[in-house]
Amino acid sequence: MGVRSLSGSLLYFMLPKKRPVEAEEAPDTSIPDSSSLKKKQVDCDLEPTVICNKNNCVTGSCSNTDNETNNHCKEEDLIMAPGDSNPMEIDEDLHSRQLAVYGRETMRRLFGSNVLVSGMHGLGAEIAKNLILAGVKSVTLHDEEIVELWDLSSNFVFSENDVGKNRALASVQKLQDLNNAVSISTLTTELTTEQLSKFQSYCVSCPPNNSSHPLLLTVSMAVVFTDLNLDKAIEFNDYCHNHKPPISFIKAEVRGLFGSVFCDFGPEFTVFDVDGEDPHTGIIASISNDNPALVSCVDDERLEFQDGDLVVFSEVKGMTELNDGKPRKIKNARPYSFTLEEDTTNFSTYEKGGIVTQAKQSKVLNFKPLREAIKYPGEFLLSDFSKFDRPPLLHLAFQALDKFVSEIGRFPVAGSEEDAQKLISQASQINENSGDARVEDINPKLLRQFAFGARAVLNPMAAMFGGLVGQEVVKACSGKFHPLYQFFYFDSVESLPTANLDPSDFKPVNSRYDAQISVFGSKLQKKLEDADLFVVGSGALGCEFLKNLALMGVSCGKQGKLTITDDDVIEKSNLSRQFLFRDWNIGQAKSTVAASAAALINPNLRIEALQNRVGSQTENVFDDTFWENLTAVVNALDNVNARLYVDQRCLYFQKPLLESGTLGAKCNTQMVIPHLTENYGASRDPPEKQAPMCTVHSFPHNIDHCLTWARSEFEGLVEKTPAEVNAYLSNPVEYINAMNKAGDAQSRDTLEHVLECLEKEKCDTFQDCITWARLRFEDYFADRVKQLIFTFPEEASTSTGAPFWSAPKRFPHPLQFSVVDPSHLNFVMAASILRAETFGISVPEWVKHPKSMAEAVGKVIVPEFQPREDVKIETDEKATTLSSASVDDAAVINELIRKLEQCRKKLPPGFRMMPIQFEKDDDTNYHMDMIAGLANMRARNYSIPEVDKLKAKFIAGRIIPAIATSTAMATGLVCLELYKVLDGGHKVEDYRNTFANLALPLFSMAEPVPPKVIKHQDLSWTVWDRWILKNNPTLKELLQWLKYKGLDAYSISHGSCLLYNSMFPRHRDRMDRKVVDLVREVAKVELPAYRHHFDVVVACEDDEGNDVDIPPVSIYFS
């Protein structure tokens, strides 16, 4: 077989596409020829492209080593293999949120990665799920054991029908449904080191965007073991560590409420991007000629540099020696300055301008093999600083457990004191032989808890560690983010019930929850099943929560109920994270589909799906009775306002709220527990800094400003103005009256746009649309810039004599339109197509052909522009509008209305425009083409680096970066807290709020903050308290009730209406009136039938006349 045909076949099989499921009992470990590759996509489809070095061509893995390419092939030693060399295409509609985290190169590496997951209990299933959603090339599932009823409490792919089947075979089809572009296969026989050799690294060639030159990507493979004894793990790890090139090795375990991870990615592993953050930048204000040099930056934004960072300079005027692209080290980093470790004494004098950008550096890690690391583990990754001494103890505990299982042949029995004591004895023996690593206190109580739950794999632990390990696999396969180095231990013993349990409580009852019962006992299991839970949102977090809750048995009893609500529908972009959805569910209600999928995981789940947004407008649905009957609330929301509303409801009805959120590789959880913790709204992040309006419209200095302006212009042109046209045409009299009544500059501008749209810029043919788009280009990117630099020439000064065009302002240059510039032509094409859509004009096919489009654009006559002296350009950063008010506004509005009425009479009957609402996730609708074109042409005006359409989509579309791994971790952590909530009796110090960044990785767990306590005499209360007065009291009875508490009420109000004030004599006549009647008659409030109480705000003072802030007072009238 020739090189051409073999390389073509191999590259073809590395592309993502729909793949059949392979379930091989004992797959062939030999390398298949091309004919076998065509017949089936076996095992892992592991063969890379044909690669060539200077001396010969080889097929298979790379034997060269090079630190900068993860111990793989050097770029200069490789050529692109001939043949069918299609790139690894990325479905941006599907993976847009993940692309925002990883970028294209990392995604391509993932798409070529093969992963082995050994051990298909709950942890293995979670890891496999996250990797399949991420879109790796193939996943091989290995397990020699069969499904037991025990497994159903942690593995979401198993059902009772799978009991007795091989675990790997029972898993493959449901995991395949998550992503048909991933090849999934199985191994059901004993694993050998020869089979591990398939998971070695290789190089793949694919063209990058906008280039015909091949991009050489080195793809690392990974093997993950979740149920492997220590001796076998050392054997496999030795093989992987010493293999050329190394095979990334991960060993992970979940044992009850304890878990561990060990990572070894080889002797020299290169991390290309340590944290995944965009490089920090600063705008230079001055640079001194000193040794060392002091660099000051404008105070537009704080610098994020740290001592020791490397930076590069660009666009510096005067001291041009710094523009050589050489990375330079800095020190003494301050919010707006830093010192450069370089002598600039003999450099040219700094004049103006300049950008300083962080130069991100790769990092080489030297991993130790497990054989060595188990004896000398080094520093452990901490998760909870209140348990700083816990990792060494757990390091010992997991070794003791391995020894127990190897000697006894089983795990310790839950509740067996004999087994627990044996494990403690083994731990003590290992500890005595540990030398310098010896632990002073082996904590028998903790080891006993460890022994009791050792056999169980709990779903929340599996979800948390599945997210963590899944992310480590991504790191191993891509070099993106800093790996875990090398041990991580975690426990959540605080989740155990507060009451002492009898050993009989742990005994299995032949149910799917037996594993969970073996840790928590049957009493807590009953509480879980009888819980009345409300899950708000069924997106990525919501799907994970439903899966976890179903496996835990929450709301699965006769008294239980789980209500989930979400008013959204499923979109394609959801499928890469929201794993309960499939492509055939697109367009369907999220909550309904998610509820049905959760019920398949556990048929006993008593779930009701609603499509209502939770807010004040749906309090007839989520009424008082609904909230009062709840056990707890789990938020799975994606916006702050909704979170704050749910927080207030939980505060009001004193219900526990379990809060969480994700942002890329970061996640956080917050526990809001009645009377124990502060509420969610007690502390808020500061609002995001908004760029001044004048900066966005006239003086942009970064691409974000350009995209903000582009999005605003897009909405004004194709949505707001057409909508205003329709509002006017639908009811001219009412519209004109409203404009006359407002009579301001904004109304004047709106009328000008409407008139312009219906008169001067009205389009009747597609050529009219092209003319409009071409003239828009001239207006935006040539005429406006000419006017700006006419008003403010390059040498202009401010009123203080300082240069007007000083940092951060960038002096612009007008663009000269050219049909040979694809970006110019693409902008006109996108703008003209969307303009035609708003006017209902059909779009001809030839518009997508550059030559035809160029000919049509060439017909447009562009008038010559002359700048004007009387143009005012806003420069005040505090200005909130660009519309300047005028004493003649009313007269101008009247004249505009007169012209508009004349124009309306000329329109055909029933004429309406078709406003376009921005939709970022449809790459065929030209919305992002127009926005990216607007932003990049503006960036070109101001010499700002341009961005591709995908990056423009992230910024202009305000896309929140999201990946499955951080979502899984967040929900696992929350469900560990849910055990505490449903058990009851836990103290505030038992709960944990968490912030985690899987990219670093970093974990920060802490006790929640308690609520502020207010005291008055013998009374005390917090934000959680609500004083309740029942039996439909009169005003007099309310005042007397407060008097008994030592409080004199001088004002009582409901909403904005005053019901009583001691200063008004007439209010004393209301003393014998029912308060509910005052609310209905005085406040004019209609109390709906579902409402049984209302709240009043009472202003009180104590006996000494000091004001006292009291809780809300709820008055029940029925």
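Buried residues have under 20% relative accessible area, exposed residues over 50%, and partly exposed residues lie in between, with a 1.4 Å probe and protein chains only. The model shown is predicted: local features need pLDDT of at least 70, side-chain atom pairs count only at pLDDT 80 or more, and totals for chains, interfaces and linings use all residues. Residues are numbered from 1 along each chain as its sequence is written, and side-chain values use heavy atoms, with hydrogens and water left out.

**View 1. The salt bridge of Arg784 and Asp779.** A salt bridge is a side-chain nitrogen of Lys or Arg within 4 Å of a carboxyl oxygen of Asp or Glu. Arg784 makes such a bridge with Asp779, and their closest N and O atoms are 3.2 Å apart. Arg784 is partly exposed, at 37% relative accessible area. Asp779 is also partly exposed, at 24%.

**View 2. Further salt bridges.** The whole structure holds 65 salt bridges. In one of them, the side chains of Glu253 and Lys251 meet at 2.8 Å, N to O. Glu253 is buried, with a relative accessible area of 9%, and Lys251 is buried at 10%. Another joins the side chains of Asp278 and Lys951 at 3.6 Å, N to O. This pair links distant parts of the chain, 673 residues apart: Asp278 lies in the loop between strand 11 (269–271) and strand 12 (281–287), and Lys951 in helix 29 (residues 949–956). Helices (H or I, at least four residues) and strands (E, at least two) are DSSP runs, numbered from the N terminus. Asp278 is exposed, with a relative accessibility of 53%, whereas Lys951 is partly exposed at 31%. A network of salt bridges links Asp384, Lys387, Arg390, Asp491, Glu494 and Arg992.

View 3. Helix 10 has 19 residues (residues 390–408), and its end C-alpha atoms are 26 Å apart. Gly409 follows helix 10 and has a positive phi, near 85°. Val413 is placed in the loop between helix 10 and helix 11 (417–432). Val413 is partly exposed, with a relative accessible area of 45%. Leaving aside residues up to four places away in sequence, Val413 touches Asp419 and Phe452; contact means heavy atoms within 4.5 Å. Val413 and Ala451 are 38 residues apart in sequence, and their C-alpha atoms are 7.7 Å apart in space.

**View 4. Strand 25 and its two partners.** Two strands pair if DSSP finds at least two bridges between them. Strand 24 (residues 657–663) and strand 25 run antiparallel and are joined by 7 bridges. These two strands form a hairpin with 2 residues between them, and Gly664 in the turn has a positive phi of about 65°. Leu663 has Lys666 of strand 25 as its bridge partner. Strand 25 also pairs with strand 26 (residues 993–997) in the antiparallel sense, over 4 bridges, and there Lys666 stands opposite Asn997. Because 5 of the 7 residues of strand 25 (residues 666–672) are buried, this strand is largely enclosed by the rest of the structure.

How values were computed. Expected span 1.5 Å × (residues − 1).
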